[in-house]
Amino acid sequence: MVLKVDVPPDLVRGDVDEGYGPVADAFRRNFAERGEIGAACAAYRDGRKVVDLWGGYADGLRRSPWQENTLVTMFSTTKGVASLALALAHSKRLLDYDEPVATYWPEFAEAGKQNVTVRQLLSHQAGLAAIDRPLGLEHLADLDALADALAVQAPAWTPGTRHGYHGISLGWYEGELLRRIDPQHRSLGRYFAEEIAAPLDLDFFIGLPDDVDADRLATVHGFKPAEMALHTHEMPWRFVLAFLNPRSLSARSFGNPKLLGVIDNYNRRDVLRVELPAANGTGEVRAVARAYSAAISGELGLSDDTLAALTETAPPPSGGADDLVLRVETRYSLGYAKPFPRFVFGSSANQAFGTMGTGGSFGFADPDTGIGFAYAMNRTGFRLWDDPREHALRQALYVDVLKERPQQP
């Protein structure tokens, strides 16, 4: 069962700008009323930090306090940060979203993928959510071996006709595509570190270096997959049934290597060491908010046409918007989720884009309001999105502070 710990009020720290007090109030209530163990929340508006909160325990068992510089693994919230690397490459004219992936990566054309466009791949329409070749951590550390497994994979559906969340594989495909178009052939983790993290002074890693002090790392307190069956009122029941069937596309999308299907394994340094651009990004929560802020403020250097493309929902697949992995209706952009009926975020202009992570974390950008937002925690909840703790913070920001629409599904 997920750990439950009482957190003293004096362990909730940080600051907000004048007028943003409702966000701090919601953050404190998360510890008092919603079972929070350790967490952080940050928001930037028009390039300026307006919310920077942290608190609780970085390790609920050892009762070690969450510090200002604590790093936490954010699961699929990583996708949005990683996809900024592809967006920056697009702004540098290294790729065209509407070109076939095989233009840049010829081997990708195998198994009937020759016409899959970059846009389809990044929008979860390529049918490559599950990788059939059994993988271990040693394969993930060998990018050439991983690229071979990705290239020979046959799509699970005709690309462009359906979509389904590429829970782990999206990051690998993004990484190899970036290696092919980058003049220096850098991995995605290295490209992000050198082109985004260093210029913006972000403490966020895709592939955690060995020299990062273990005392800075929050311990994730997760749940066992079987516990999902007790929470179908929070998780879509069709997804739960599929995930617990090891032969289903949903289960295979998250379970290769098998150890990646168990949340607590993301506390292992060998799992954090390899690059999983869709799943194991580890860093300060404010770094995610700042990265999103820099993307929409111009500081990152994204071109106008790149930013416009990120704000647009991908053309819907011809077979409808039902997600064949998550088993609900979803909407995507270029490596990002877009607001959809069961998960409304951002302003009514619907320009917001971001990614949510297992257990409740979420980061997004909203060009309409100038907001870059991030929340992450170490006690995992059971929702795929719209965790009550994150929702309360976003509701306070958008309704109480910005006077925007309610953040309701």
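Let's start with Val 51, which, neighbours within four places in sequence aside, is in contact (heavy atoms within 4.5 Å) with Asp 15, Val 16, Tyr 20, Val 23, Cys 41, Ala 42 and Ala 43. A word on the source: this is a predicted model, in which local features need pLDDT of at least 70 and side-chain atom pairs count only at pLDDT 80 or more, while totals for chains, interfaces and linings use all residues. Residues are numbered from 1 along each chain as its sequence is written, and side-chain values use heavy atoms, with hydrogens and water left out.

In soluble globular proteins, nonpolar side chains tend to be buried together. A nonpolar core here is a set of buried Ala, Val, Leu, Ile, Met, Phe, Trp, Tyr and Cys residues joined through side-chain atoms within 4.5 Å, where buried means under 20% relative accessible area (1.4 Å probe, protein chains only). The largest such core has 141 residues, and Val 51, Trp 172, Ile 196, Leu 326, Phe 373 and Leu 397 have the most contacts inside it. Helix 11 (residues 285-297) supplies the largest share of this core, 9 residues. Another core, of 5 residues, lies apart from it and includes Leu 71, Val 212, Leu 217 and Leu 272.

The axes of helix 5 (residues 143-151) and helix 6 come within 10 Å and cross at roughly 115 degrees, so helix 5 is roughly perpendicular to helix 6 (65 to 115 degrees). On the helix 5 side, the contact is made by Leu 143, Asp 144, Leu 146, Ala 147 and Leu 150, and on the helix 6 side by Trp 172, Tyr 173, Glu 176 and Arg 179. By class, that contact has 6 nonpolar, no polar and 3 charged residues.

How does helix 2 meet helix 6, and at what angle do their axes cross? The axes of helix 2 (residues 77-91) and helix 6 (residues 169-181) come within 10 Å and cross at roughly 25 degrees, which means helix 2 is roughly parallel to helix 6 (under 35 degrees). Lys 79, Ala 82, Ser 83, Ala 85, Leu 86 and Ala 89 of helix 2 make the contact with Leu 170, Glu 174, Leu 177, Leu 178 and Ile 181 of helix 6.

Finally, Ala 87 is also found in helix 2. Ala 87 is buried, with a relative accessible area of 1%. Leaving aside neighbours within four places in sequence, Ala 87 is in contact with Tyr 97, Leu 302, Thr 306 and Leu 310.

Notes:
Axes fitted to C-alpha atoms, helices over the stretch in contact; angles between N-to-C directions. Helix = DSSP H or I, 4+ residues; strand = E, 2+ residues; numbered from the N terminus. Parallel < 35°, antiparallel > 145°, perpendicular 65-115°, else oblique. Buried < 20%, exposed > 50% of the residue type's maximum accessible area, 1.4 Å probe, protein only. Nonpolar A, V, L, I, M, F, W, Y, C, P; charged D, E, K, R; others polar.
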